[in-house]
Amino acid sequence: MARKAIGRSVPRVDAYDKVTGRAKYTDDLADRNALIAKILHSTIANGLVTKIDTGRAEKLPGVVKILTCFDVPDIEFPTAGHPWSTDPAHRDPTDRKLLNRRVRLYGDDIAAVVAEDEVAASRALRAIEVQYEEYPAATDPEEAMRDGVPLLHEGFPNNILERHSVLDGDFDEATKEEGLIRVEGTYQTPTVQHCHIELPTSYAYMEGGRVVVVSSTQIPHIVRRIVGQALGIPWGMVRIIKPYIGGGFGNKQDALYEPLNAWLSVQLGGRLVKLELSREEAFYGTRVRHAVKVHITSYVRPDGRIVARDAKFVSNQGAYGSHGHSIVSKCVTAFRQLYNDERAKRAEAVTVYTNTATSGAMRGYGTPQSVFGMECHADDIAARLGIDPMEFRRMNMMPVGYTDPFSKNVNWSDSFNQCIEKGREYIGWDRKRELYRNQSGPVRRGVGMSLLWYNTAVWPISMEVSSCRMVLNQDGSVQIQLGETEIGQGADTVFAQMTADTLGVPFESVHVVSTQDTDITPFGTGAYGSRQTYVGGMAIKRTAESLKGKILRFASERADTGPDALDIDDGFIVRKGEPGSALFALSELATDVLYSMEHSMHFTAEETVQAKSNAYSFGAGFAEVEVDIPLAKVRLVDIVNVHDCGRLINPQLAAAQVHGGMSMGIGYGLYEKMLYDPGTGKLLNDNLLDYKLSTIMDHPHLEALFVENPEPTSAFGTKALGEPPTVPCAPAIRNAVFHATGVAANENPLTPHVLFPLFKAAGLIG
Amino acid sequence: MRQFATIRCTINGKVTETAVDVRASLADMLRGEYRLTGVKKGCEVGECGACNVIIDGECYNSCIYLAIWADGKNIRTVEGLEGPNGELSEIQRLFVEEGAVQCGFCTPGFVLTATAILESAKSGQKYTRDELRRELSGHLCRCTGYENILKAVEKAVSRASA
Amino acid sequence: MFDFEAVYEAKSVAHAVELRGLHPEAKILAGGSDILIETRAGKLAGCSVISIFKLDELRGVSMDGDGTLRIGALTSFSCLARDPLIGRCISVLGEAAGTAGGPQLRNIGTVGGNVCNGVTSADTASTLMAWDAVMEYTGAGGVRRAPIREHYVKAGVVSIAPDEILTSILIPQDSYERCFGCYIKYAMRGAMDIATLGCSVNVRLSEDLGTVERMRAAYGVAGPVPMRGLGAESTANGQPVSCETVNSAAAAALSDVNPRSSWRASKELRLQLVEELTRRAFRESVIRAGGKL
């Protein structure tokens, strides 16, 4: 029997092209004669552009065209990379134009220059004169919510984009129980950025009267719709091509500058225009993770059992809506699901427009924020009650058998305990919790942990669909195409493994067409929600089975037996149940049939699957830290994430995915934060020197462990892994610092700026 | 008035000559004039390392290296590492085997630094794991957490000194 | 592509001096790791530059006849870090150079550029300050020397005449003989960072290792330019080698410095670091000198 591809750490299908530099990304494909577009950004954070004088700029050599916020179509469009909803009430907020007169952040897009080269474009930007009517800016959501603060968008009183609340059980009654201990805490997470190394880049031109945009995006089919909306043209007049992309992490799950780029090309009669952001623009002009403040009040019995909890989330939406409405609701969902309050829970969340960078999707989608609050709070409760934080979690976490009334997700297995056990053993929890108790020196150690909860794909919040096409070649190899995108995570490789085993061909015979082209690629919504192995897997399974059915019908003629008696194994037609019984090669059949004088057949299959299920993904993270108290500095000594993401299709890729998520989580816990000047609303650290993305010097060894409980609802037993690894690191680090020093920091990242005043207040620094 | 200069240099073993705008960076020249698109641009200010190339045996971020400085130099990019029949270099092979590649955008820069490290290891330089981290610290990667990159380089270096 | 008005490439030191005379407004481009970045950021957009990058005669470290250590202004951080003469006479300078940026930056960045951009966070500057380096400039009128403390005028401004370039940095023999030092860079991450505070200390102990003959301390980011900790030094000089001496010098350093609060760090944190890093760097210098604490 052929060696199965699934479960093996086969090398990535794109690895060769990527290590040789042959893999082409958007800018590598752009013709070098492309016109260069650059954007003029506002130098105020809140106000109105009253006048733009482009006269001097237009006269500069090399300037082709300057368009301003006074020239754009009067169309407000959404940017979130969500599937279109046929229900108007469920659509994303439409709150921005291609260029905006109404300025809502320092760095808003108010004009664009198209020039023959970048220097000419930059010089023109500097020569444009702008006049504003300026309003006071609010960078903090609690300030922006106050009465009388200027509204960023009409129709959103107190600048609240979305309010979301839940109430399970009778909260007031539950909290009346005698003997309950009330524990409260406020936890603040920072604004952070994705920092994919490839900057958002696109180029646009017209061909056959239609506009083509080649872009570094996670969601080509969705971007097509949004470009159509933004330009006010039929969606079929737009074609989006997505080559290899240099990371996305959710930022490119938004339409970023594709609509503007398309429009600029159209304004120039379809000439080739390239729009490449700078790193600085990527920081303030694309998307960021919502900074969320959560206040949690828990009512707990002295033995540690939670009876009721209340949470109030305030999320910084930034200037535009993007994904904000759905992310804040995900904060609440995470709060609701991770812990099983015995009697009641209550949560209220708002996301508030402010004059800062727009918050959107970023790996974890509201969960890192919510889990940071909950998991810091868990240790605060455990400390207050004097019980082991691990035991506290075991007592309260979602139990096996729990079924969510809304999503119908089921907690099938004892994943939490299995993950906790593995992590506990790796980190040496029991010994170190004891060993590091009551330290007194300037340098102290501690261990901490955090649970993580996530779900897979977006059903039933949104529709979930994936389409796949397979084409058999004469040699028995197969091309596969999906709308689901390779963004670095290894999707193409995993898709090839799934295809190989379902179809019965060697892994090497599967060719994944990595590029999505909305004119050619079957419809799929793309990379987000940790959905692709789950939903894409369903599409692959159905398509491969369909193709296999067609092949076996023809094979049965040749083998003189019924198709049900046949199978395909390792690229050979075999008798069912007898894998070694090669009757003839698939290549022979494919060639004979394709060139048959009687009934030539091109073997292809295309199927669409709508997923109407979702799956929980669980895990736990553990960290050991060493705190140099006089220097207010944390050194991460050891860290481990343990995940149950169901069956591992490719263990090496799965571990690699976890490493990357951990790295992002470490940054969230220790280093990364976007800083605004409170007076002007200007982003202060919009570059990779001042924004402290962790380097290879800032990580210890990253340990990724798994428990495998195959997910019953999943075609291949898989569930979410893309986003979950980011979630537990920051709270585990915070709890480890708490263990080491007794200082419970309630904001991340735990930089010296945060720790120094806390250590001082605690008397640890004189 | 645009100023141009003639730059003669060796790129991936081939002697070349071209006229470049004196304002161009080496990254501009390599990507624009020579279409060596393995030289990536991630920040253009020397902070990410994606545009790293080897010049006379040492690594430089080509985004903050003027093209005119390349005159007379020996420059290597990732495109120059393959063997005559497309064989992967040892480092490239280990990056593939160890799963050190994800989105691939930082990969060429890392591969070149790793190549320089391996070459020095072959001439007797010894490295601890911490020293390897230090040598690789001029590159940012958002996908891998650096874990498998370090693994690949460590394996190459330990083989070289074995 | 950088937005330069014009690029002039110097072929020799004399040519560089001549170009300076012809284009006094032009910026001097050594390794470019500051000027190119600021040009791209728009701060220097449209400027002209004189590139001295290819003046290989300004690269490398040598010893003058009188025992003065001569460091060419274009010596890169990585050359400093591995240079045997530096290792023998002033190893802490090599260590400090090794903390700048990352490996690629250390290959392009030059020690001359590091002190000529006038920034307080420059990783080699506090060590050069602490070792009483002498700056050697070449101009139309010939060679001029000045102690490094006169080189720094104010934040971002150094004392170089319009027709001069910095050609060498000198460390006199008395400055390095029997001296042992330590530089601690405090930054927010382990590489590719600028110092939140830099502290360079060196000591010369008595023959019997019992007395601090001379202690010198200097700081980066503790004021607008790199600065000496003269109070800390006088507190330590002539005192017995002891923890008490180390601690008093560290405490005295607080009156030497004048850090400010910025979004990068608060004044309070920087003051905490001044004291703590002085303590640690002083202690390490004593240990390296063979002293016992």
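Helices (H or I, at least four residues) and strands (E, at least two) are taken as DSSP runs and numbered from the N terminus. On this basis chain A comprises 20 helices and 27 strands. The model is predicted: local features require pLDDT of at least 70, and side-chain atom pairs count only at pLDDT 80 or more, whereas totals for chains, interfaces and linings use all residues. Residues are numbered from 1 along each chain as its sequence is written, and chains are lettered from A and ligands numbered from 1 in the order in which they are written.

The overall dimensions of chain A were examined through its C-alpha atoms. For 766 residues, a compact globule would have a radius of gyration near 27 Å, and the value for chain A, 27 Å, agrees; the radius is taken over C-alpha atoms, and the globule rule is 2.2 Å times the number of residues to the power 0.38. The C-alpha trace of chain A spans about 90 × 70 × 50 Å along its principal axes. Of the 766 residues, 61% count as buried, a residue being buried if 20 or more other C-beta atoms lie within 10 Å of its own, exposed if 12 or fewer, and partly exposed in between, with C-beta atoms placed from the backbone. Two residues are in contact if their C-beta atoms, placed from the backbone, lie within 7 Å. Among the contacts in chain A with a separation of 6 or more, 80% are between residues 24 or more positions apart.

A local example is provided by Ala349(A), which is located in strand E15 (residues 344-353) of chain A. Ala349(A) is buried because 25 other C-beta atoms lie within 10 Å. Its contacts, leaving aside neighbours within four places in sequence, are with His164(A), Phe313(A), Ser315(A), Val328(A), Cys331(A) and Val332(A). The C-alpha atoms of Ala349(A) and Val314(A) are 5.9 Å apart, although the two residues are 35 apart in sequence.

Strands are considered to pair if DSSP finds at least two bridges between them. In chain A, an open sheet of three strands with antiparallel pairing has the order E4-E2-E6. Strand E4 (102-103) and strand E6 (129-134) of chain A each have a single partner strand and stand at the edges, so one side of each lacks a neighbour in the sheet. Six bridges connect strand E2 (residues 47-53) of chain A with E6(A) in the antiparallel sense, and Asp53(A) is placed opposite Glu129(A) in E6(A).

A hairpin with two residues between its strands is formed by E21(A) and E22(A), and Asp570(A) in the turn has a positive phi of about 55°. Strand E21 (residues 566-569) and strand E22 (residues 572-575) of chain A run antiparallel and are joined by four bridges; Leu566(A) stands opposite Arg575(A) in E22(A). In a regular strand the side chains alternate between the two faces of the sheet.

Contacts between chains were then considered. In the interface between chains A and B, 46 residues of chain A are in contact with 42 residues of chain B. On the chain B side, helix H2 (90-97), helix H3 (107-122), helix H4 (129-135) and helix H5 (147-161) each give two or more residues, and the largest share, four residues, comes from H2(B). By class, this side has 20 nonpolar, 13 polar and nine charged residues, where Ala, Val, Leu, Ile, Met, Phe, Trp, Tyr, Cys and Pro count as nonpolar, Asp, Glu, Lys and Arg as charged, and the others, Gly among them, as polar. For chain C, 17 residues are in contact with 23 residues of chain A. Helix H13 (residues 267-288) of chain C supplies the largest share of the chain C side, three residues.

Domain bounds come from an automatic or database domain assignment. Chain B is divided into domain 1 (4-80) and domain 2 (90-161), with C-alpha centres 21 Å apart.
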